[in-house]
Amino acid sequence: MAVIWIIPLAYGVLTSFKSEMELMTAGFKILPIEWVMTNYTELLVNNTSTPLVKWFFNSLFIAVSHTLLVLVVVSLSSFAYSRLNFKGKNLLFSFLLATMMFPSVVNLIPLYKIVDLFGWVNTPLAMIVPGAAGVFNIFLVKQFMDNIPKDFDEAAQIDGASEFTIFFKIILPLIKPVLLVVALFAFTGSWNDFLWPSIVFNDIEKMPITSGLQLLQGMYQAQPTLLMAGALVAIIPTFILYLFAQKYFLQSMSLSAGVKG
């Protein structure tokens, strides 16, 4: 199954190193007859109408900022639902879980109205702020926190620690593995998002790379080698992220992991 899944990716990567003439005349061949870098130089250096480098850094800024905001909101929200006692906590959490039943496309029109009301259209805030309090991420971190013994909290309270001290000094260090997974989900979700940035961005210079690739498809639809080069540039950050964070991703599959002794 892994081989079947990787063949299209490998073919796309190798195609990006072929010349347009070779692709059209040499037939179906996996390896390039002559390895060329012209597709990358045309997209990254010589092209001003499709600023791929600008799109790349736009996406990087948006994805990193969104990930940091998600970590702050999700960790604090999960701490409240897991460790604090307040009126209506279970009812509110059940309501949040119920919202997962609705497809995200239902929210597009009201979300756009809200973003437009705040004046965030064509700005990074339109992608950074929405989705910061993802219900699945809150549920994931809360379940992880629930497996941390509350004896730690009680011992700290006896010593006079406040709730924020308990969170920062005790809980936060213990939930680092699951927060890394949330960061992985948040970054890749923001980086790979296509529909929403296509709606809220119409300024070419401010677009992230996903909506920018749509313009590449319109301009170079008869030049698949250029499209493959642009797609390869777009997947580099997520590939590197998964490469270094895969052990934390696997660890998150067990929600009881993380507390020893």
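A crossing of two helices is left-handed if the near helix is turned anticlockwise from the far one by less than a right angle, and right-handed if clockwise. Welcome to this predicted model, where local features need pLDDT of at least 70, side-chain atom pairs count only at pLDDT 80 or more, and totals for chains, interfaces and linings use all residues. Residues are numbered from 1 along each chain as its sequence is written, and side-chain values use heavy atoms, with hydrogens and water left out. Helices are DSSP runs (H or I, at least four residues), numbered from the N terminus.

**Helix 5 and helix 8**

- The axes of helix 5 (residues 89-98) and helix 8 (residues 135-146) come within 9 Å and cross at roughly 130°; axes are lines fitted to C-alpha atoms over the stretch in contact, and angles run from 0 to 180 degrees between N-to-C directions.
- Helix 5 and helix 8 are therefore oblique to each other, the term left for angles that are not under 35 degrees (roughly parallel), over 145 (roughly antiparallel) or 65 to 115 (roughly perpendicular).
- Their crossing is left-handed.
- From helix 5, F93, L96 and L97 meet V135, I138, F139 and K142 of helix 8, where contact means heavy atoms within 4.5 Å.
- This contact has 6 nonpolar residues, no polar ones and 1 charged; Ala, Val, Leu, Ile, Met, Phe, Trp, Tyr, Cys and Pro count as nonpolar, Asp, Glu, Lys and Arg as charged, and the others, Gly among them, as polar.

**Helix 9 and helix 10**

- Helix 9 (residues 151-158) and helix 10 (residues 163-174) have axes that come within 10 Å and cross at roughly 145°.
- The crossing of helix 9 and helix 10 is right-handed.
- F152, D153, A156 and Q157 in helix 9 touch E163, I166, I170, I171 and L174 in helix 10, a contact with 6 nonpolar, 1 polar and 2 charged residues.

**Pockets**

- On a 1 Å grid over the protein atoms alone, a pocket is an open set of points where a 1.4 Å probe fits, with protein on both sides within 12 Å along at least five of seven lines; lining residues have an atom within 4 Å of a point.
- The largest pocket is lined by 29 residues, and S104, N107, P130, G131 and G134 lie nearest its centre.
- By class, the lining of the largest pocket has 19 nonpolar, 9 polar and 1 charged residues.
- The second largest pocket has W5, I6, L9 and V13 among its lining residues.
- Helix 14 gives the largest share of the second largest pocket's lining, 6 residues.

Notes: Helix = DSSP H or I, 4+ residues; strand = E, 2+ residues; numbered from the N terminus.
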